[in-house]
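Work through the exercises below with the sequence and the structure in view. Each task is followed by its solution.

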Amino acid sequence: MRKTCLTLTLMLVAAAAPAHHSPAMFDTSQRLLLAGTVREFQWTNPHSYIQLLVKEANGEEVEWSLEMAAPTYLANNGWRPSTLKAGQQVQVTMSPLANGSKGGLVWDVTTSDGRKLGGNTKGGN
Amino acid sequence: MQQLLRRTLSLVCLLVTGQGSVHAAESRAEAFARLPDWQGIWISEEAADTGISGFPDTIGQPGAKPRQLMDPAGPWSAEGQRRFSALFAGMAGRKALGWGFPMMMESPAPLQFLITPEETLIINIYQEARHVYTDGRGHPPEEDRWVTTWGDSTGSWEGDTLLIDTIWVRDPPRYFQAAPPFSDQAHYVERLRMTAPDRIEWEMTIEDPVTLTAPLQVKSAFVRTPNLDRLVHDAFENDRSELEGGTFTIAPPKE
C-alpha cells in the first residue's frame, strides 16, 4: 500500500517537474475559460503573468493574476514579449488557484477572434 | 635584420623541440577540426512538449509519464524509497533554484554544448554550467573530495561519442525539489552522440550504493528547439509565489 501511494505521488510530481514550484497550488483537475482585457503582461522570471481584467456577472471588474511558465518556455512555444499587449481582449484556459483566490495557471490563450497565440514561429502560427 | 633573427630562432626552436608557436597553433586547429559540431540550442526530447504553463498537459492525469530519473519503477533501495517519501513531505512549500544535476539533462530548460579540445561546457538557460574536462585529467584525489550541485565531471571522446564521468554531486533535491534523491556517493556515466543533424542521443547510467540496488539507466535525446536562436537569461526578480498555509499562492503584482 505504501509503495502504491508513493508511486502515485511520484507520478503526479515527477510528470510535472516544474522549474520553480510544485503545481499543488493549482486545482489542475479544473480547466476554466476566462475572458477579459489584458491590463499587463509580465514577461519575467521565474514566472510570467497575465494580469487580466474580468467583468463579473454583477458588472464589477475584477483583476486576475494568471501564472505562466518562465519566458524561455514561452519563447520556445512561439511567444515573445510583444505577444500580449495591454488592452487586448483574450480568452484564457486556466486551472484556478486551489485556495480560491483570483489567480490561476494558464494553459492556452486565444484572441477574441479565436486565434491561438504562440505556436511555432518557424513554421508559422 | 632583427626580424630575420627572430625567424631563425623560431625555426631552431621548432627543429629542436618539435614544437613551437606555429606548430602548436596548427595542432590546436586540427584538434578542433576533429571535434563534432553540436552548435545550436537543444532541449530534452522528453520535455520538448512543455507548454506555456510550464507543465505537460497531462499533469495530474492517470498515465502521466514520469521523468525517467524520477521513475518509481527504478531500482530504488529502501533508503531511496525513504528519501523519496521525505522529499514529497515538504515539496509543496519549496521553490527550485534551477534544475541542478542530473535533472538539467532531462528538463525542458534549453541548453548548449560548447566544445573545445580541452573542455566541453554544457550550459542551460539558468546559467547552470557543467565543465566537462576532456584534456586527460582525472577527478581530484579522494582527500580533496568537494561535493557540489553539479559535481565533478571529466570526459573523453570515443570517435564522435562524448563520454562523461561525474562524481561528488550534492543531494539533487536540495537545489530542485523534484529531483531524484541520490546520495553524494553516486557515480554518473553519460554517453552523447549526434545521430542526425537535429538529434543528439543521450544515455546516463547511475550507480549509487546508498539509494539504488542496481544501476539506473536513462536514455533519451536532445532535439533542436524550433523557436529559439539564442539563450537569454534573467534573474528571479518577479517572484510572486508566496507561502500560505504550507502551499504557494500568487501575490498581487508589484506596482
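**Exercise 1.** State how much area is buried between chain A and chain B, and what part of that area carbon and sulfur atoms give.

Solution. In this predicted model, about 5000 Å² is buried between chain A and chain B. Buried area is the accessible area (1.4 Å probe) that two parts lose on being put together, summed over both. Carbon and sulfur atoms give 60% of it.

Next, take the residues: 61 of chain A are in contact with 58 of chain B, where contact means heavy atoms within 4.5 Å.

Then take the polar side. There are 0 salt bridges between the two chains (a side-chain nitrogen of Lys or Arg within 4 Å of a carboxyl oxygen of Asp or Glu). Polar contacts join 16 residue pairs across the interface, both residues at pLDDT 80 or more. Such a contact is a pair of N or O atoms within 3.5 Å; within protein, one must be able to donate a hydrogen and the other to accept it, and residues adjacent in sequence count only if both atoms are side-chain atoms.

**Exercise 2.** Find which element gives the largest share of the side of chain A that touches chain B.

Solution. Elements of chain A that each supply at least two residues to this side include α1 (2-16), β1 (32-42) and β5 (103-111). Helices (H or I, at least four residues) and strands (E, at least two) are DSSP runs, numbered from the N terminus. The largest share, 12 residues, comes from α1(A).

**Exercise 3.** Is A:T37 buried or exposed?

Solution. Locate A:T37 in strand β1 of chain A. Its relative accessible area is 19%, so A:T37 is buried (under 20%; exposed is over 50%, partly exposed in between; 1.4 Å probe, protein chains only). Beyond neighbours within four places in sequence, its contacts include A:Q51, A:L53 and A:Q88.

**Exercise 4.** Describe chain B and say where its pLDDT is below 50.

Solution. Chain B has 3 helices and 11 strands. Of its 255 residues, 44% are buried. The average pLDDT (the predictor's confidence in each residue, from 0 to 100) is 89, and 89% of the residues score at least 70. Residues 9-21 of chain B fall below 50, and this stretch has 6 contacts beyond near neighbours in sequence. Where pLDDT is low, the predicted coordinates should not be read in detail.

**Conventions.** Residues are numbered from 1 along each chain as its sequence is written, and chains are lettered from A in the order in which they are written. Side-chain values use heavy atoms, without hydrogens and water, and local features need pLDDT of at least 70.
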